[in-house]
Amino acid sequence: CRECAGKGCERCGFTGKMYPASVEELINREVIAAFRAEDGVLHGAGREDIDAFMLGDGRPFVMEVLAPRVRHVDLGALEERVNAYALPRVRVSGLVYVEKGAVEEIKSMKVDKVYRLKVIYNEDISIETLKSALAALSGAEILQRTPARVAHRRADLERHRRVLSAGLEELNAAQKYFVVTVRCEGGLYVKELVSGDQGRTRPSLSGLLGQPLKVQELDVVKVEGGISWQDHTVKGRRQGTSSTRT
């Protein structure tokens with residue numbers, strides 16, 4: 001909880017947390033039990049908002065196991081235990097042991113992402129106008145100030161990120177929504193790419209179309225690039241931190 005820093009207050013229902021469970025907690029419960037460890041710390045790439053679905057083959061992460069009393073467990077069996085507890089919210093796959101250097105690499109890795117967004121609008125839009133606006137965003141460099149929705153907890157900075165491509169999947173004029181696919185550099189605030197965030201993101205789809213837009217659904221279809229587990233997998237000695245995608 002940002003209000004009480006975990007101590008417990010009215011805002012968080014005296015739980016100390018903003019949400020009932022985190023991805024880290026859903027995974028490390030069984031990890032801690034299997035390794036008889038003090039804790040398990042998640043280091044992940046491609047973090048998203050709580051209302052976004054992570055689809056496709058997921059995102060890479062390293063689970064750092066702290067003070068394990070057991071140094072080796074069957075990772076296939078552990079994977080089954082984690083999924084039995086965490087599904088349907090989280091699923092892990094491909095667990096392997098990795099060297100400690102994987103933690104630093106995954107923290108510093110750069111990835112591109114592919115999003116699918118369902119966007120609602122008010123005024124009529126022709127398919128030609130919408131495709132033209134998306135074409136203008138494709139390849140464009142986007143200037144973004146820290147979004148207003150997170151400005152209370154993050155420094156107010158300006159960042160440059162590039163939209164690699166943007167295309168239309170569906171336009172439903174009767175229900176006034178459309179679905180687009182956006183491929184972009186990691187770190188781009190894609191919701192604000194659509195809404196414009198009152199001018200804090202330029203250019204934006206809302207600005208190009210001349211009307212307010214809102215992202216109703218957000219899916220991460222793919223996380224591209226990233227770490228090569230083969231470079232970090234422990235060979236011979238079955239020790240280290242475990243890594244996978246979620």
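Predicted model: local features only at pLDDT ≥ 70, side-chain atom pairs only at ≥ 80, totals over all residues.

Let's start with the helices. Two packed helices are described by the angle between their axes and the distance between the axes. Here the pair is helix 1, residues 23-35, and helix 2, residues 75-86. Their axes come within 9 Å, and the crossing angle is roughly 135 degrees. Angles over 145 would count as roughly antiparallel, and 65 to 115 as roughly perpendicular. Helix 1 and helix 2 are therefore oblique to each other. As for the hand of the crossing, it is right-handed.

Which residues of helix 1 and helix 2 meet? On the helix 1 side there are Glu25, Leu26, Ile27, Arg29, Glu30, Val31, Ala33, Ala34 and Phe35. On the helix 2 side there are Leu75, Leu78, Arg81, Val82, Tyr85 and Ala86. Sorted by class, this contact has eleven nonpolar residues and four charged ones, with no polar residues.

Staying with helix 2 for a moment, look at Ala84, which is found in that helix. Is Ala84 buried or exposed? Its relative accessible area is 65%, and the cut-off for exposed is over 50%, so Ala84 is exposed. Between Ala84 and Glu30 there is a separation of 54 residues in sequence, while their C-alpha atoms are 9.7 Å apart in space.

Now the cysteines. How many disulfides are there in this model? The count is zero. Take Cys4: the closest cysteine sulfur belongs to Cys9, at 3.7 Å. A disulfide needs the two sulfur atoms within 2.5 Å, so 3.7 Å is too far for a bond. Cys9 is likewise in no disulfide, and its nearest cysteine sulfur is that of Cys4. On accessibility, buried means under 20%. Cys4 has a relative accessibility of 11% and so counts as buried. Cys9, with a relative accessible area of 14%, is buried too.

Last, the serine. Where does Ser204 lie? Ser204 is in the loop between strand 9, residues 201-202, and helix 6, residues 205-209. With a relative accessibility of 8%, Ser204 counts as buried. What is Ser204 in contact with, leaving aside its neighbours within four places in sequence? Its contacts are Leu137, together with Glu192, Leu193, Val194, Ser195 and Gly196.

That is what I had; I'll take questions.

Conventions:
Residues numbered from 1 in each chain as written. Heavy atoms only, no water. Axes fitted to C-alpha atoms, helices over the stretch in contact; angles between N-to-C directions. Helix = DSSP H or I, 4+ residues; strand = E, 2+ residues; numbered from the N terminus. Parallel < 35°, antiparallel > 145°, perpendicular 65-115°, else oblique. Left-handed = near helix turned anticlockwise from the far one by under 90°. Contact = heavy atoms within 4.5 Å. Nonpolar A, V, L, I, M, F, W, Y, C, P; charged D, E, K, R; others polar. Buried < 20%, exposed > 50% of the residue type's maximum accessible area, 1.4 Å probe, protein only.
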